[in-house]
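Biologist: I have a model open on my screen and would like to learn how to read it. Could you walk me through it, feature by feature?

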Amino acid sequence: MDTYRFQVLIEQDEDSYYVADVPALQGCHTQGKTFEEALENIREVIQLCLDELRREGKPVESRYPE
């Protein structure tokens with residue numbers, strides 16, 4: 001299994017939820033009531049996004065965008 005490193009951005013929104021986003025993976029975002037929950041959720045979503053890219057035969061870009 002390959003290992004990737006992704007930049008994860010987590011911000012707290014106006015409703016006090018933590019929103020997590022992975023800029024290198026289009027559509028890879030989630031939220032949680034706590035920072036820890038958002039971090040756990042984004043790990044699951046990253047795996048789902050990677051699985052989808054592999055099924056579609058697309059390359060995985062793990063670079064950090066500006």
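Modeller: Gladly! Let's begin with what counts as a helix: a DSSP run of H or I with at least four residues. Here, the residue that follows helix H1 is Gly-57, and its phi is positive, near 70 degrees. Keep in mind that this is a predicted model.

Biologist: How many helices and strands does the protein chain have, and in what order do they run?

Modeller: There is 1 helix, together with 3 strands. Reading from the N terminus, the order is β-β-β-α. The C-alpha trace of the chain spans about 40 × 25 × 20 Å along its principal axes.

Biologist: Which residues of H1 are buried, and what do they pack against?

Modeller: Buried means under 20% relative accessible area. In H1 that holds for Ala-38, Asn-41, Ile-42, Val-45, Ile-46, Cys-49, Leu-50 and Leu-53. The buried residues of this helix pack against two strands, E2 (18-21) and E3 (29-32). Across the protein chain, 26% of the 66 residues are buried.

Biologist: I always check cysteines. How many disulfides are there?

Modeller: As a general idea, a disulfide is a covalent bond between the sulfur atoms of two cysteines. In a model we look for cysteine sulfur atoms within 2.5 Å of each other. By this rule the count is 0. Cys-28 is in no disulfide, and its nearest cysteine sulfur, on Cys-49, is 3.6 Å away.

Biologist: Are Cys-28 and Cys-49 buried or exposed?

Modeller: Cys-28 counts as buried because its relative accessibility is 0%. Cys-49 has 15% relative accessibility, so Cys-49 counts as buried as well.

Biologist: And what can I say about the surface and the charges?

Modeller: The accessible surface comes to about 5,100 Å², and carbon and sulfur atoms contribute 45% of that. For charges, we count positive and negative side chains and compare the centres of the two sets. This chain has 7 positive and 15 negative side chains, with the two centres 7 Å apart.

Biologist: What share of the contacts with a separation of 6 or more joins residues 24 or more positions apart?

Modeller: In this protein chain, that share is 28%.

Definitions and conventions
Residues are numbered from 1 along each chain as its sequence is written. This is a predicted model: local features need pLDDT of at least 70, side-chain atom pairs count only at pLDDT 80 or more; totals for chains, interfaces and linings use all residues. Side-chain values use heavy atoms; hydrogens and water are left out. Buried means under 20% relative accessible area, exposed over 50%, partly exposed in between (1.4 Å probe, protein chains only). Contact means heavy atoms within 4.5 Å. Accessible areas come from the Shrake-Rupley method with a 1.4 Å probe; for residues, only the protein chains shown count as cover. Lys and Arg count as positive and Asp and Glu as negative; His and the chain ends are not counted. The place of a charge is taken as NZ of Lys, CZ of Arg, CG of Asp or CD of Glu.
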